[in-house]
Number of protein chains: 4
Amino acid sequence: MVKLRVKNVLIRECMAEFIGTFVLLMFGCSAAAQVKTSRETRGQFLSVNMAFSVGVMSAMYLTMGVTGAHLNPAVSLSFCVLRKVSWTRLLPYSLSQVLGAYVASGLVYLVYYEAIMEFSGGVLTVYGPNETASIFATYPTEYISLSRSFLDQVVGTAMLLLCILCLGEKRNTPAPPGLIPPIVGTIVLGIGMSMSANCGGAINPARDLGPRLFTLTAGWGVEVFTCYNYWFWVPLVAPMIGAIVGAMTYLVFIEWQLPDPNPHLDLSIPPTPTKDCKELQAATGNGVELKMAYF
Amino acid sequence: MVKLRVKNVLIRECMAEFIGTFVLLMFGCSAAAQVKTSRETRGQFLSVNMAFSVGVMSAMYLTMGVTGAHLNPAVSLSFCVLRKVSWTRLLPYSLSQVLGAYVASGLVYLVYYEAIMEFSGGVLTVYGPNETASIFATYPTEYISLSRSFLDQVVGTAMLLLCILCLGEKRNTPAPPGLIPPIVGTIVLGIGMSMSANCGGAINPARDLGPRLFTLTAGWGVEVFTCYNYWFWVPLVAPMIGAIVGAMTYLVFIEWQLPDPNPHLDLSIPPTPTKDCKELQAATGNGVELKMAYF
Amino acid sequence: MVKLRVKNVLIRECMAEFIGTFVLLMFGCSAAAQVKTSRETRGQFLSVNMAFSVGVMSAMYLTMGVTGAHLNPAVSLSFCVLRKVSWTRLLPYSLSQVLGAYVASGLVYLVYYEAIMEFSGGVLTVYGPNETASIFATYPTEYISLSRSFLDQVVGTAMLLLCILCLGEKRNTPAPPGLIPPIVGTIVLGIGMSMSANCGGAINPARDLGPRLFTLTAGWGVEVFTCYNYWFWVPLVAPMIGAIVGAMTYLVFIEWQLPDPNPHLDLSIPPTPTKDCKELQAATGNGVELKMAYF
Amino acid sequence: MVKLRVKNVLIRECMAEFIGTFVLLMFGCSAAAQVKTSRETRGQFLSVNMAFSVGVMSAMYLTMGVTGAHLNPAVSLSFCVLRKVSWTRLLPYSLSQVLGAYVASGLVYLVYYEAIMEFSGGVLTVYGPNETASIFATYPTEYISLSRSFLDQVVGTAMLLLCILCLGEKRNTPAPPGLIPPIVGTIVLGIGMSMSANCGGAINPARDLGPRLFTLTAGWGVEVFTCYNYWFWVPLVAPMIGAIVGAMTYLVFIEWQLPDPNPHLDLSIPPTPTKDCKELQAATGNGVELKMAYF
């Protein structure tokens, strides 16, 4: 099957980010559609949080060995700042993520078309009890101020980065590499249960922009961008800042305070890697060389 | 106990698929009975999703070392297409799965007989607020069109295959083999929470046909097949197509794009397997030779 | 601290079964008290299932290295039948389990005394909307027949044994030994979500008898035994039969059909255990010699 | 980055305890704010329990390699009594934990300021249907007596210690070191679901005092300390006693009854650690030398 492989490495990576973000949004937005259009008879707010969490887990298993499973421009930016990923990756990855989110939104709309029409009475709108725009993109609650929602997104994304950056650090207590996807999924579940009341908890510009663009083109109209005084830019900009704040907090409080790596324990450049050892690494499933940009 | 072993390998495998699908349906349909007949006082929609997820996990631990834990004709078909399983397995496995689902439905009916009679007022029906047919097989919501429900089942099953095929791929980030059952269970939970509002989320012809046949024979009558304009064929045919779509999507976006396997890391045919290494494989529980058709 | 060790091995084991069952019931009955006395404002039916599941996990981590974590006379009986545990253990273990459940019930009563009095209006009763007996022992729903509830407990316990006996089998796909407690906990959660509507899902004579004896002595009166026509014997006898049915089903469908163990992969009596290997076993946490009666 | 490391070891450890407790409270109190101010439309009681559980997991991954992840003065005290941690650590750790909880409370208040004002009508109070003080600190239910709530906190904290102390014991069935954070998180979830109805389930003086101090300074007034007849001291004192009770129960029933360690299996002081073995320890992620005060 080698012949079917795309030659360009960057395109291969972008394909992974595309399909990963697609999977993330398929789970998340479908769950939002299921809960809203069934008027909470086939799920509840918690099950939307849980579905996004399953989406993160599944998307990470799909893409972690290819790109490190960014799935989020804020995460990509953070890795660029931390010099774990080349800056040349930022734009292509981000566009692939937005595209994956857009396509997933379209498929969710196709699958739930009649349910959405039944629920909304055929009027696709951003406001009111029959609004369906929030199935796709995020919107603020009515009482919240602009600066508050901006802070909300900074804090939520900072929590994400603060909590995931430690998971692969060998000088700390690393999670088993093969179980990092469910652990990150659990952290995202935690953020959804605790920091999504103000404005939907996007903490991911691609997760928000892709679906918003889709609703623009699918009949909800320009209101998806103009509503709440052009609020749409908040989940695009604030998570980028939050990711850097979270990464810096992690560096200051944990990473820089960890002991020096013990060269005898460091396998990344083993002085004389014995074959037995290498094989065992593979056998135990922990030593497989991953493109662990995350960690 | 070797004397008690069934000599024919195929029959042994069919016994495993039978008991595995039996366990899957025992958890899932019992939970549906518990939630419906208690009028949601002893559980809720989410707990039915969770029970199916536990059923998947348990059935996989029981059968993974024997058949690779298909439990679903759509999965079997997909593995045949991917040449991981011989085409001669498809029909016997599928029949065993349907039979396991049928027998489980019968036992659920026996255990919940009085609860079902109490809830339904003794009238076993497919329609209305006291219907009990949906405890067993899946039925569409009233507003959904045939083509929409077909698409729904294609997409749901495609998501299943797309997300599980990567879990054992050593060139990616594989899940620990001994933890693949709960991870697949979690993916099935995610699909149940997000893609079951339209028509019950069967994504498995055996899970649907077995219980439907049981209700036909147990008093619900031919309506279980004729209702909604003979809708029953959708969860039989659409998942088969969806499984292939999902497998192809996985191949195109991920599998074919992965790097060549590193022979030094490949233990499946180790050039000179040292005894130490073999023992360690066993000790770490990761090197046990599995019939990993799934992966 | 060796001086403080109890000399008699059997007493040490009984202490473990006592404290393990105590922990199981502390989580489970406290959750039942929290949900009932708060009138579901501080939890719901699902959270009681989940608390029992956490109790199973915690009790197993505490006791698995000592006794194999039976925590249930039906499990002990099953292991005696399977010759994994000596028949001389059955009675002492069972009594320790009942005692642990009794003491836990007493402590739950002490902790929730005012909540129970507030909820019940001070009248400790088995019937009616203000009954509080079901916080402790299990009771059948009103419409269920004796034989149905007996079948319910046989099936529930058979599912438990069928699903857990495979978890440590090296010829199948074994779960990581250090993660068997949460997996068994998840299976118990599944049974609680799907097979507890008819009569509370005891599937464990000690979990039922200990609390029932406590309520007898604490003011609920003899009704806890006489109610529903002396129903109390069902969760004592039926699980014992169910455990054997489940174990037999497992043997017939899976265990006897597995391939012969490969002696080269068998580490239990390694011909020449190298020290390196032994150390690694310890290091990987998978080779620690466990008294794995469960598995 | 070595230049940016704080030279004083104790300060480095206090920084870790600070940020860990900050993360724990950020998840927990944010979830409490989300559920209360949305009037349970964006979550429920269970999701607050789950968010605290995610907080424990995340905080442990961040800090386990630095301090052993106490995050709780009662846990620190218990480790001092067990001589796993120097008594000189108790006060600095505890103060860092309280400070982390205080700062997190402040940030939760900032993020949910408008939501809290909307919910409370602008009146920050401890009593009544619009009270918001319980978003931060814990308060007893109205019917509970002082001694009952004291017992409640002793029992809850004792259960915590009883269940976590066994997780790293190599002579028992230890949990995989890299998965202890989610397991402890699950135990905390279990306590929240079963032992938080009486008085909020603090089981952690820092988790309670930090937020209470914050509400004192942020406008709720001295009532947060004076209410319920100066009840605030209960979650400060009772958990300290409960932790010791739990640790003693563990020692008596399990730890002292375990077999002597097998020196051949003991890697902590390996007689002649081969380099291969060391490397493998690192590769398997289980042998990394942790400051495992917890275990």
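Biologist: How many disulfides does a search of the whole structure find over all chains?

Modeller: This is a predicted model. A disulfide requires two cysteine sulfur atoms within 2.5 Å. Over all chains, the number of disulfides found is zero.

Biologist: Why is C:C29 too far from the closest cysteine sulfur for a bond?

Modeller: C:C29 is buried, with a relative accessible area of 1%. The closest cysteine sulfur belongs to D:C163, and the separation is too far for a bond because it is 15 Å.

Biologist: Which cysteine has the sulfur nearest to that of D:C199, and how far away is it?

Modeller: D:C199 counts as buried, at 0% relative accessibility. D:C199 takes part in no disulfide, and the nearest cysteine sulfur is that of D:C227, at 12 Å.

Biologist: Which residues of chain B does C:I187 contact, leaving aside its neighbours within four places in sequence?

Modeller: C:I187 is among the residues with the most contacts inside the largest nonpolar core, which has 346 residues. Within chain C, C:I187 is in contact with C:L160, C:C163, C:I164 and C:L167. From chain B, the contacts are B:F27, B:V54, B:M57 and B:S58.

Biologist: At what angle do helix α1 and helix α4 of chain A pack?

Modeller: Helix α1 of chain A covers residues 9-37 and helix α4 covers residues 90-111. Among the residues that meet are A:F18 and A:F22 in α1(A), and A:Y93 and A:L99 in α4(A). The residues of this contact divide into 16 nonpolar, five polar and two charged. The crossing is right-handed, with axes 7 Å apart and an angle of about 35 degrees.

Conventions:
Residues are numbered from 1 along each chain as its sequence is written. Chains are lettered from A and ligands numbered from 1 in the order in which they are written. This is a predicted model: local features need pLDDT of at least 70, side-chain atom pairs count only at pLDDT 80 or more; totals for chains, interfaces and linings use all residues. Side-chain values use heavy atoms; hydrogens and water are left out. A nonpolar core is a set of buried Ala, Val, Leu, Ile, Met, Phe, Trp, Tyr and Cys residues joined through side-chain atoms within 4.5 Å. Buried means under 20% relative accessible area, exposed over 50%, partly exposed in between (1.4 Å probe, protein chains only). Contact means heavy atoms within 4.5 Å. Axes are lines fitted to C-alpha atoms, for helices over the stretch in contact, and angles run from 0 to 180 degrees between N-to-C directions. Helices (H or I, at least four residues) and strands (E, at least two) are DSSP runs, numbered from the N terminus. A crossing is left-handed if the near helix is turned anticlockwise from the far one by less than a right angle, and right-handed if clockwise. Ala, Val, Leu, Ile, Met, Phe, Trp, Tyr, Cys and Pro count as nonpolar, Asp, Glu, Lys and Arg as charged, and the others, Gly among them, as polar.
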